[in-house]
Amino acid sequence: MADASAAMLSRQERLQSFVDWCAAHISGDEKGEAQLFLDRFMQAFHQKGLLECGATAEFRIKKSEEDGGGTSFADFVWKPIVLIEMKKRGADLARHYQQAFKYWERLVPGRPRYVILCNFDEFWIYDFDTQIEEPLDKLRLEELPSRSGPLSFLFPVPQVPVFKNNQEEVTREAADHLATLFNKLVARDLPRDRVQRFVLQCLVALFSEDIGLLPEYFFTRLLAKCETPEDAYDKISGLFRAMNTKGGEAGGAYEGVDYFNGGLFAEPVAFNLTPDELKQLKNAAESNWKAVRPEIFGTIFEHSLETEERHAYGAHFTSGVDIMKIIRPTIIEPWEQLIDAALAIDDAKKRRKRLLELQEQLAHVRVLDPACGSGNFLYLAYRSMKRLERRILDAIRGKEARYGLVNASQFYGMDIQPFAVELAKVTMMIARKLAIDELHIQEQALPLDNLDANFVTGDALITFPEDGAPFRTPWPAADVIIGNPPFLGAKRLKPEHGSDYVNAVRKLYPEVPGMADYCVYWIARSQQHLPDCTAATPWAGRAGLVGTQNIRNNKSRVGGLDHVAAGGTIVEAVDNQPWSGEANVHVSIANWVKHPPKAKAKELLIPAKRRLWFKVEGAAAGPRRKKGQGPATKEYEIDFRDALVINSALSDEVAVSNGKRLIANSKAAYCCIGQMVGQREFVLTQAEYTKLTKDDPKSSDVIYPQTNAVGLLDGDPTPNRFVIDFLNRDQLSARHFAGAIRHVEQHVLPVRRQKANEGRSESGKQRPHHKQFLERWWQLAFPRTEMIAQIENLQRYIVCSRVTKRPITVFLESSIRPTDSLVCFCFNDDYSFGVLQSAPHWQWFVANCSKLKSDYRYSPDSVFDTFPWPQAPRIGDIDAVADAGREVRRVRDEALAKITGGLRTVYRTLELPGKHPLKDAHAALDAAVLKAYGFSAKKDLLKQLLDLNHEVAASESRGEAVTAPGVPPNYPKPAKLVTEDCIRPAE
């Protein structure tokens with residue numbers, strides 16, 4: 001203890017010494033003293049100095065084109081720990097928040113965990129990953145010796161920092177208290193709609209007494225006076241009536257309560273509260289509602305409703321950083337460009353006139369979120385627009401400045417959840433007062449905006465009237481559309497919403513393919529609904545939406561972003577990242593501008609260079625401190641690059657999504673997904689197979705060794721299980737194999753009967769696929785009989801994992817049945833293997849495939865059917881590809897004999913630096929395949945493949961012969977290319 005006390009004393013003395021030194025030597029000049037101040041500051045935290053700790057002073061940060069291009073200089077960057085930005089003494093740090101956020105956003109990879117704004121007297125400490133609007137703490141210079149906890153991450157052996165203003169913790173606590181009250185009231189069978197209104201009115205009252213809309217502690221003291229249930233009813237209802245009284249009460253207990261509005265409080269609600277219910281409301285009042293974050297409160301609050309032993313502490317909410325990936329490019333950046341251009345006008349009178357025009361235009365921007373939930377996107381959009389307005393006001397000043405033009409009535413929301421919509425209204429109502437306090441704006445906080453007409457409950461896509469046909473739900477007029485539509489894959493639409501709903505939606509939105517994900521309908525509708533962005537209104541016609549990863553792939557891309565790219569420009573995008581709003585979900589984000597075809601990009605404030613964000617994994621994510629020494633290591637990080645074009649696949653590479661499906665590839669069904677078993681009871685272990693075939697040897701004719709992607713790639717690839725496969729035999733023919741059919745009848749048929757009954761539609765009818773499976777209960781769900789027929793004519797065939805980051809192709813002996821985790825290629829020659837294992841096929845796959853989280857999913861129609869094979873390879877080129885393919889297999893077989901873990905482990909070693917035999921073998925294969933194509937290694941490979949795809953498609957349209965996949969017809973002895981190595985069943 002003595003040593004600890006001595007260390008603490010030393011720490012306090014060192015920090016006090018720094019404070020004293022500042023008093024004696026620092027005047028607060030940002031340019032002249034910032035580095036000297038920071039050097040002593042780091043020494044005070046037991047670091048050797050500014051640079052010795054590994055940090056960089058005057059760190060270069062490339063400015064975006066929207067910010068005028070060029071380079072900015074951040075005062076202090078210590079990756080991945082902290083960014084410190086210095087301002088002159090007396091500077092209002094709130095005005096520099098946006099600059100600090102911009103710097104931090106661009107510091108990827110290895111982005112610092114914390115950001116500090118400092119004006120020599122104050123330290124504002126941010127963690128934008130968890131709390132974007134407000135600092136986690138504010139610390140005055142003289143407090144450092146006694147309260148270094150908020151900066152404890154700066155010490156050589158850092159400790160977990162302790163913050164006074166951790167708003168997430170406060171929000172979760174407050175939400176739990178209020179949700180508990182809600183749950184107890186609902187449990188009494190009180191009308192749910194009245195309970196909701198009462199709780200929302202309490203919510204506004206709780207906020208109001210802590211943020212200055214009600215006299216301080218007014219609601220808390222009112223609750224303290226409630227001694228009986230009747231007291232609670234009288235006093236609380238009296239307050240809510242006063243909040244709905246124009247001009248306020250002239251006297252009595254509610255004198256001094258201002259008029260709030262005639263929306264939420266138009267119908268004051270109260271109940272006789274039981275002692276326990278009153279206790280919950282008092283507990284809620286004890287929270288510091290000034291620190292409650294409105295943009296996450298609704299999500300956390302809803303998570304706790306009507307649950308037992310379930311609290312908000314596990315709830316996921318969309319982080320402000322993720323929301324800003326939409327708000328910044330869609331709203332903030334175009335307006336900042338307009339304001340910067342106005343400030344650059346030399347003539348003061350013209351400059352002031354232009355700024356006044358901009359403020360007037362800003363006050364008429366209409367922002368819509370057609371899937372608003374509890375309003376978190378709109379709330380942050382509102383706060384951002386108030387900051388923009390404040391910047392304009394700071395430049396105008398004087399009598400001409402008009403305060404409070406930007407208001408909540410410019411924002412519109414739609415959602416199918418009624419309570420979420422009501423929460424969104426409350427969130428937006430209190431946003432004005434919070435903005436006033438943050439930015440010191442001279443405007444009245446009351447009355448609150450009445451937003452009943454702005455926020456609508458209902459399905460944003462379709463309305464089912466009591467009489468008549470369904471129709472598209474009307475959307476309010478909007479200049480900007482933002483939001484996070486529902487994450488639901490195409491295959492989940494009917495199970496979740498029913499056939500009637502899905503059929504009606506597809507009929508109303510014929511431009512969206514049936515196999516598109518649900519969120520794609522919002523993308524297509526937004527593009528249709530937006531006005532054009534014009535030179536007169538360059539801030540309009542803009543949208544930013546979050547979607548599933550599939551929005552950039554296949555039918556989802558066709559239904560959404562292809563329309564966007566055809567009628568506008570994608571200005572910023574995230575191709576793939578985990579989403580903060582839901583656990584275990586990966587998303588894509590698209591921000592775009594809708595405009596006429598020949599519009600001039602510069603007039604519409606469309607940058608020549610667009611920003612494309614992507615996920616960085618593993619070591620590429622930047623340096624990390626050791627365990628216990630600062631921020632936890634992340635499994636991924638987001639980086640970005642400038643792009644001249646972002647295509648509808650959310651890529652800056654050649655838009656190979658424009659590749660055409662080739663008849664030569666698709667007509668022969670060379671490429672197929674493996675068998676989908678359906679019920680696992682078709683699959684037998686080794687012991688089950690041995691017993692069944694011993695009792696009935698004839699059944700071995702319909703039982704086959706089976707393998708999947710995991711079996712092939714992880715460990716010993718020899719198949720260790722079996723599948724009963726009657727193929728397309730009818731039921732009577734299947735009964736020739738008594739043991740096998742008996743097993744299926746006992747174990748599969750009951751499951752299919754159960755699923756057929758469980759899967760009925762709302763009308764009571766069996767779903768078609770369940771009905772079909774039951775009618776042929778002895779057969780696999782999708783036995784792929786055509787593919788099996790092709791495979792059985794070969795001695796071996798090629799497969800690769802259907803979901804992978806890199807296709808690893810292997811040969812299987814033809815008796816082995818592949819599961820649907822594998823993609824099967826019906827070729828048995830080494831030349832085809834070489835082409836499919838090469839870089840051209842790999843890159844085409846990555847560019848055209850669909851995505852599953854961070855992995856890629858092989859889709860035969862979009863990858864194989866569009867992939868052009870070499871069209872005029874010479875005999876020697878074909879032999880060279882075959883030889884190189886055999887060498888790849890030889891090297892990796894040799895490696896498998898030495899390395900445990902299977903092929904996946906072998907291929908992971910390719911990511912390590914240094915010479916590697918398999919890396920050399922693949923390089924030789926790639927060179928041979930490029931030569932067969934006649935491609936140049938110095939040119940863009942995807943561009944060459946796309947050009948060849950178009951050439952082959954054009955030849956096919958003219959009826960000309962093309963070279964199909966597989967061994968070219970001019971090769972003299974194809975059998976020479978068929979060797980014997982492959983994975984075989986166990987003896």
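In which helix is the place of R387? In this predicted model, R387 is found in helix α12. Residues are numbered from 1 along each chain as its sequence is written. Helices (H or I, at least four residues) and strands (E, at least two) are DSSP runs, numbered from the N terminus.

With residues up to four places away in sequence not counted, R387 touches Y97, E133, E438 and L439, a contact being heavy atoms within 4.5 Å.

Helix α12 (residues 376-396) also holds Y382, whereas F411 belongs to strand β8 (residues 411-415), so the pair of these two residues ties together parts that are 29 residues apart in sequence. The ring centres of Y382 and F411 are 5.6 Å apart and the planes stand at 70 degrees, so the pair is edge-to-face. Rings of Phe, Tyr and Trp (its six-membered ring) are taken to pair if their centres lie within 6.5 Å; planes under 30 degrees apart count as stacked, over 60 as edge-to-face and the rest as tilted. Y382 is buried, at a relative accessible area of 0%, and F411 is likewise buried, at 0%.

By this rule, the count of aromatic pairs comes to 55. One of them, formed by W104 and F128, is edge-to-face, with 5.2 Å centre to centre and 65 degrees between the planes. W104 is located in helix α3 (residues 97-106) and F128 in the loop between β5 (122-126) and β6 (137-140), so this pair ties together parts that are 24 residues apart in sequence. W104 and F128 are both buried. One aromatic cluster is formed by Y670, F825, F827, Y831, W844, F845, Y856, Y858, F864, F867 and W869.

Arginine side chains were also found over aromatic faces. R525 lies over the face of W475, 4.6 Å from the ring centre, and R641 over the face of F614, 4.8 Å from the ring centre. The criterion is that NZ of Lys or CZ of Arg is within 6 Å of the ring centre and within 35 degrees of the ring normal.

Helix α8 (residues 275-286) has 12 residues and should span 16 Å at 1.5 Å a residue, which agrees with the 17 Å between its end C-alpha atoms; the expected span is 1.5 Å times one less than the number of residues. Its buried residues are E277, L278, Q280, L281, A284 and A285. Viewed down the axis of α8, these fall within an arc of 155 degrees, so they line one face of the helix; the arc is that of the directions from the helix axis to the C-beta atoms. The cover over the buried residues of α8 includes α4 (167-187), α5 (192-211), α6 (218-224) and α7 (229-242). Exposed residues P275 and E286 are carried on the face turned away from the buried side of α8.

In strand β20 (residues 703-707), 5 of the 5 residues are buried, so the strand is largely enclosed by the rest of the structure. β20 pairs with strand β21 (residues 721-724) in the antiparallel sense over 4 bridges, where pairing requires that DSSP finds at least two bridges between two strands. Q706 has R721 of β21 as its bridge partner. β20 and strand β25 (residues 817-818) run parallel and are joined by 2 bridges, with P818 of β25 as the bridge partner of T707.

Methods. This is a predicted model: local features need pLDDT of at least 70, side-chain atom pairs count only at pLDDT 80 or more; totals for chains, interfaces and linings use all residues. Side-chain values use heavy atoms; hydrogens and water are left out. Buried means under 20% relative accessible area, exposed over 50%, partly exposed in between (1.4 Å probe, protein chains only).
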